[in-house]
Amino acid sequence: LLAVLAAARALSTCRTLDLEAARLKRIEAVRGQILSKLRLPAPPPDPEPAPARALPEEVRALYNSTRELLRQRARLRQPEEPQEYYAKELLRFPMESPGEGERHRDTGGHRGTPGQGQSLLIAPAP
């Protein structure tokens, strides 16, 4: 059986498929399409790495002092109490019923929009 298989392989005209070579060819084809779309004959040369510029000492000192000041403020800030989160005073605005000729859209129990006979409550800004 193995002898027949070896003979069949020798007579076969099909080549084995090299997936890595096919992938590289596809990458080159896409690269060529991009270059032709950009109307470039060849890829541009890689740019030279720019030398790292040192920050001036004044800028570095200002940055560090600002960071330190923010850390100090965070340490000194007292945690907010839950009572400070809520409004101290509520303002009530009664909403009028729709007049003659105006369409009344029933809110259908939707709490987001005040309807007929409801009030709008607004808390003042701190």
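Where does Leu40 lie? Leu40 is found in the loop between H2 and helix H3 (57–76).

## Model and confidence

This is a predicted model, in which local features need pLDDT of at least 70 and side-chain atom pairs count only at pLDDT 80 or more, while totals for chains, interfaces and linings use all residues. Residues are numbered from 1 along each chain as its sequence is written, and side-chain values use heavy atoms, with hydrogens and water left out.

The predictor's confidence in each residue is given as pLDDT, from 0 to 100. For the protein chain the average pLDDT is 76, and 66% of the residues score at least 70. Confidence is highest in helix H2 (residues 19–37), at a mean of 93, and lowest in strand S2 (residues 119–122), at 60. Over residues 107–112 pLDDT stays under 50, and the model has three contacts for them beyond four places in sequence; a contact means heavy atoms within 4.5 Å. Where pLDDT is low, the predicted coordinates should not be read in detail.

## Overall layout

The protein chain has four helices and two strands. Helices (H or I, at least four residues) and strands (E, at least two) are DSSP runs, numbered from the N terminus. Along the sequence, their pattern is α-α-α-α-β-β.

Of the contacts in the protein chain between residues at least 6 apart in sequence, 59% join residues at least 24 apart. The protein chain has 126 residues, and 2% of them count as buried. Buried means under 20% relative accessible area, exposed means over 50%, and partly exposed is in between (1.4 Å probe, protein chains only). Accessible areas come from the Shrake-Rupley method with a 1.4 Å probe, and for residues only the protein chains shown count as cover.

## Salt bridges

A salt bridge is a side-chain nitrogen of Lys or Arg within 4 Å of a carboxyl oxygen of Asp or Glu. By this rule there are four salt bridges.

One of them joins Arg23 and Glu20, whose closest N and O atoms are 2.9 Å apart. Both residues lie in helix H2, three residues apart, about one turn of the helix. Arg23 counts as partly exposed because its relative accessibility is 45%, and Glu20 counts as partly exposed because its value is 41%. Arg31 and Glu28 also form a salt bridge, at 2.7 Å from N to O. Arg31 and Glu28 both lie in helix H2 and are three residues apart, about one turn of the helix. With a relative accessible area of 41%, Arg31 is partly exposed; Glu28, at 45%, is partly exposed too.

Glu68 and Arg75 are joined by a salt bridge with the closest N and O atoms 3.7 Å apart. A network of salt bridges links Glu68, Arg71 and Arg75. Glu68 is partly exposed, at 33% relative accessible area, whereas Arg75 counts as exposed, at 58%.

## Nonpolar surface patch

Val30, Ile34, Leu38 and Leu40 make a nonpolar surface patch of about 330 Å². Patches are made of residues with over 30% relative accessible area and no salt bridge; like charges are joined within 9 Å, and nonpolar side chains (Val, Leu, Ile, Met, Phe, Trp, Tyr) within 5 Å. Leu40 counts as partly exposed because its relative accessibility is 36%.
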